[in-house]
2 protein chains.
Amino acid sequence: MRDSYHEALDSVTDQLVTMMRAVGSMIDRASSALLDADLGKAESVIAQDEDIDALALELEERATDLLALQQPVATDLRIVTGALRSSATIERMGDLARHVAKIARMRYPECAVPDSVRPIFVEMAAEASLMAARVGDVIADQNLALALEVETLDDRMDDLNVQLLHTLLSGWTGSVDQAVDLTLLSRFYERYADHAVSMARRIVYTMTGTRYDELEKR
Amino acid sequence: MRDSYHEALDSVTDQLVTMMRAVGSMIDRASSALLDADLGKAESVIAQDEDIDALALELEERATDLLALQQPVATDLRIVTGALRSSATIERMGDLARHVAKIARMRYPECAVPDSVRPIFVEMAAEASLMAARVGDVIADQNLALALEVETLDDRMDDLNVQLLHTLLSGWTGSVDQAVDLTLLSRFYERYADHAVSMARRIVYTMTGTRYDELEKR
């Protein structure tokens with residue numbers, strides 16, 4: 001039988017997984033909204049962002065209560081402090097999915113992504129989706145190998161962002177409006193991916209007590 | 001005489017103030033680098049970002065040690081958990097100052113900001129500088145009124161960002177390169193300001209145990 005302390009600790013981890021799955025679903029729908037000019041999906045992402053903010057606040061309070069009442073140490077302490085920091089990161093991933101959805105909504109019924117750069121955004125959407133799913137798996141299964149895989153996915157996202165900026169900065173023939181939209185969209189996907197990496201690194205630290213950059217040096 | 005527990009707690013707050021002053025100085029120099037095409041200042045900001053990252057890590061470890069060894073409660077606990085979350089926010093403010101400096105460096109000896117939108121960026125730079133200074137004062141002096149002032153400054157930053165995007169989206173006659181630079185720069189200042197607001201709100205919560213949005217409703 002689990003005591004209430006370990007139940008509270010598990011519930012913190014469970015809530016992190018739930019929140020990661022939610023912001024994963026949000027970026028998936030935001031990407032569909034963007035690539036298929038789907039207004040309904042855009043609206044659903046924009047509406048859901050408030051739920052994520054509420055969950056983040058709840059998680060923060062739950063973690064703070066655990067610190068005050070149970071005074072965890074060692075790995076348990078890292079789980080709780082990690083959750084405190086992660087709640088802000090996941091909240092930010094939700095914000096970024098909302099930003100993507102808002103541009104899709106602003107340009108509806110047009111598609112904000114012109115055909116010439118569509119392949120870049122199709123791939124960005126796939127990378128973001130996969131990264132969110134991987135981070136959720138890493139937390140749920142405490143799987144260190146998957147955490148390292150998130151770094152590789154992020155390298156690809158960085159390449160895609162550079163590719164998009166390069167396309168805009170080398171004789172862009174579309175409109176300035178499009179260039180502004182695409183600059184922001186690319187930035188949102190890249191930041192979403194950066195936050196996924198932060199999450200993965202934090203989980204490595206929680207599990208091992210060792211930071212990712214120290215782990216790499218071994 | 002202060003005991004070692006309160007000394008450790010004060011040192012957490014002192015380090016937050018030091019870090020805020022540092023990222024304030026970074027955005028000031030990044031803005032000079034940007035507006036005056038000053039390569040030396042751009043380089044100094046880019047170099048300093050690593051120091052901020054190191055300080056953020058140190059603060060995180062100091063706060064975690066305090067939790068493990070001293071098990072603070074009530075306001076003291078909020079100071080420590082606030083510091084844990086704030087270290088990531090200040091680190092991010094340093095990143096954003098670095099991003100501004102990198103665009104200034106990339107365009108050197110040209111100025112990335114054309115004359116037509118220079119007034120917008122001069123004001124953005126002034127707002128960002130003032131917000132960072134105010135947040136430093138709020139932490140140092142535990143001054144609630146100053147924290148609320150940061151929100152007002154942020155409203156102005158949002159207006160400036162909208163004004164810049166509006167200028168780009170209504171018949172921009174400059175190059176696409178400039179439009180891409182300016183979209184990103186405006187975003188960096190706006191995000192810098194958002195993080196300053198997060199900091200101010202977190203300090204209000206630390207001092208009062210009440211969240212800013214609940215405070216507003218009173």
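Mentor: A residue counts as buried if 20 or more other C-beta atoms, placed from the backbone, lie within 10 Å of its own, as exposed if 12 or fewer do, and as partly exposed in between. This is a predicted model, where local features need pLDDT of at least 70 and side-chain atom pairs count only at pLDDT 80 or more, while totals for chains, interfaces and linings use all residues. Residues are numbered from 1 along each chain as its sequence is written, with chains lettered from A and ligands numbered from 1 in the order in which they are written.

Trainee: OK. What share of chain A is buried, then?

Mentor: Of its 218 residues, 48% are buried.

Trainee: And how many helices and strands does chain A have?

Mentor: Chain A has 7 helices and 0 strands, with helices taken as DSSP runs of H or I of at least four residues and strands as E runs of at least two, numbered from the N terminus. The order is α-α-α-α-α-α-α. The radius of gyration, over C-alpha atoms, is 19 Å, close to the 17 Å from the globule rule for 218 residues, so chain A is as compact as a globular protein of that length. That rule is 2.2 Å times the number of residues to the power 0.38.

Trainee: What does the C-alpha trace span along its principal axes?

Mentor: For chain A, about 60 × 40 × 25 Å. Also, among its contacts with a separation of 6 or more, 80% link residues 24 or more positions apart; a contact is a pair of C-beta atoms within 7 Å.

Trainee: Switching to the backbone. Where is the cis peptide bond in chain A?

Mentor: Between Y108(A) and P109(A), with omega about 5 degrees. P109(A) sits in the loop between α3 (74–107) and α4 (118–141) of chain A. In chain B, the bond from Y108(B) to P109(B) is cis too, with omega near 5 degrees, and P109(B) is in the loop between α3 and α4 of that chain.

Trainee: What about A37(A), what is its phi?

Mentor: Near 45 degrees, which is positive although the residue is not glycine. A37(A) is in the loop between α1 (4–35) and α2 (39–70) of chain A. It has 18 C-beta neighbours inside 10 Å, so it counts as partly exposed.

Trainee: And A74(A), is that one buried or exposed?

Mentor: A74(A) is exposed, with 9 other C-beta atoms within 10 Å. Its phi is also positive, near 50 degrees, but A74(A) is in helix α3 of chain A.

Trainee: Now chain B. At what angle do α4(B) and α5(B) pack?

Mentor: About 160 degrees, with the axes 10 Å apart, for α4 (residues 118–141) and α5 (residues 144–169) of chain B. That makes the two helices roughly antiparallel, the label for angles over 145 degrees.

Trainee: Which residues make the contact?

Mentor: Among them are I120(B), M124(B), L130(B) and V138(B) of α4(B), and L146(B), V150(B), L153(B) and M157(B) of α5(B). By class, the contact has 13 nonpolar, 1 polar and 7 charged residues.

Trainee: Last one: how many residues of chain A are in contact with chain B?

Mentor: 21, against 21 residues of chain B. On the chain A side, α2, α3, α5 and α6 (176–208) each supply at least two residues, and α6(A) gives the largest share, 7 residues.

Trainee: What classes are they?

Mentor: The side of chain A that touches chain B has 14 nonpolar, 4 polar and 3 charged residues. Here Ala, Val, Leu, Ile, Met, Phe, Trp, Tyr, Cys and Pro are nonpolar, Asp, Glu, Lys and Arg charged, and the others, Gly among them, polar.

Definitions and conventions: Two residues are in contact if their C-beta atoms, placed from the backbone, lie within 7 Å. Axes are lines fitted to C-alpha atoms, for helices over the stretch in contact, and angles run from 0 to 180 degrees between N-to-C directions. Angles under 35 degrees count as roughly parallel, over 145 as roughly antiparallel, 65 to 115 as roughly perpendicular and the rest as oblique.
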